[in-house]
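Please look at the sequence and the structure below before reading on.

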Amino acid sequence: MRSLTGRLTGRARRLPGRPAPGEAAAEVADLRVVLGGRTVLDDVSLRVTAGEVLALVGPNGAGKSTLLSALAADLTPAAGTVRVDGRPVADWSPGELALRRSVLPQSAGLSFPFTVEEVVRMGRAPWVGTPAEDEDDPAVAAAMVTTEVAAFADRPFGALSGGERARTALARVLAQRTALLLLDEPTAALDLRHQELVLRVCRERAAAGDAVVVVLHDLGLAAAYADRTAVLHGGRIAADGPPDEVFGEELLSAVYRQPVEVLPHPRTGVPLVVPRRDGRGTEAPARLD
């Protein structure tokens, strides 16, 4: 029988290892999600591997955030399986799951006057009572430096700008130090400098062996920083692969119902996706059946 001390401290929990580069950190198979009587995702299969940045892109309502929530085990699918660290998510307790994946939602709100540092320190809660608890202070300090929030660590979270809140929320995720990071539109409230900072952090975490899944609306950021992109359309994955292979004019024009051009960057060769604006912009985009 698990001892009372073990239950209280968490030392009886199975602590995670680190998946090797290329191994699956999470995956969904034949996933179907129904919300409010509407099928939001249907027949979706996706593998998230350690050591890569996977960008989920697509128009509003395509199912990107829902897919991220399914990977996070924050919703129950109508059909299909979701696995994290090699096991179905139902096999993990909430505490065990929090040691294996960290989640950045689209918006972060708090009702109490926590300071920035206190919010970031919340990311260490899953490790209480484990040997990794000794890393709390350096993990919090490093996360705040990385996201450039250390200068206002003592300020109340509620007094921050939208961009400062977004970076503080990201710092909490980084302080959690899990092998799987699930980030929902982390650049939405940020200026140009901090958008680039966030995606550089994603690349650094992938280079260190983590698996990073990030929902993005900016196709330029996805092309520049993602190893793989999954393009969602109508609750299904229309394409999955490296950006320079997936970002084709015909596919993107059909998915976004907006004619686009895909051009190589003159210096890096990275695909640049821009709306087609010749004439009066009246071209009808192709349909994706």
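A residue is called buried if its relative accessible area is under 20%, exposed if it is over 50%, and partly exposed in between, using a 1.4 Å probe and protein chains only. This is a predicted model, in which local features need pLDDT of at least 70 and side-chain atom pairs count only at pLDDT 80 or more, while totals for chains, interfaces and linings use all residues. Residues are numbered from 1 along each chain as its sequence is written, and side-chain values use heavy atoms, with hydrogens and water left out.

We can begin with the sheet. Helices (H or I, at least four residues) and strands (E, at least two) are DSSP runs, numbered from the N terminus, and two strands are said to pair if DSSP finds at least two bridges between them. In general, strands of a sheet pair through backbone hydrogen bonds, either parallel or antiparallel. Here six strands form an open sheet in the order β6-β7-β8-β3-β9-β10, and the pairing is mixed. Its edge strands, each of which pairs on one side only, are β6 (101–104) and β10 (236–241). On average, and with direction ignored, neighbouring strands are turned by 15 degrees against each other; the axes behind such angles are lines fitted to C-alpha atoms, for helices over the stretch in contact, and the angles run from 0 to 180 degrees between N-to-C directions.

Two of the pairings can be followed in detail. Strands β3 (residues 53–57) and β8 (residues 211–215) run parallel and are joined by four bridges, and leucine 54 has valine 213 of β8 as its bridge partner. Strands β6 and β7 also pair in the parallel sense, over four bridges, with leucine 183 in β7 as the bridge partner of leucine 104.

Next comes a pair of helices. Helix α5 (residues 136–146) packs against α6 at an angle of about 140 degrees, with the two axes 8 Å apart. That makes α5 oblique to α6, because angles under 35 degrees count as roughly parallel, over 145 as roughly antiparallel, 65 to 115 as roughly perpendicular and the rest as oblique. The contact is made by Ala139, Val140, Ala143, Met144 and Thr146 of α5 together with Ala171, Leu174 and Ala175 of α6.

Finally, consider a residue in a loop. Glutamate 23 lies in the loop between α1 (4–9) and β1 (24–35), and is partly exposed, with a relative accessible area of 41%. Leaving aside its neighbours within four places in sequence, glutamate 23 is in contact with Arg47, Val48, Thr49 and Ala50.

How values were computed. Contact = heavy atoms within 4.5 Å.
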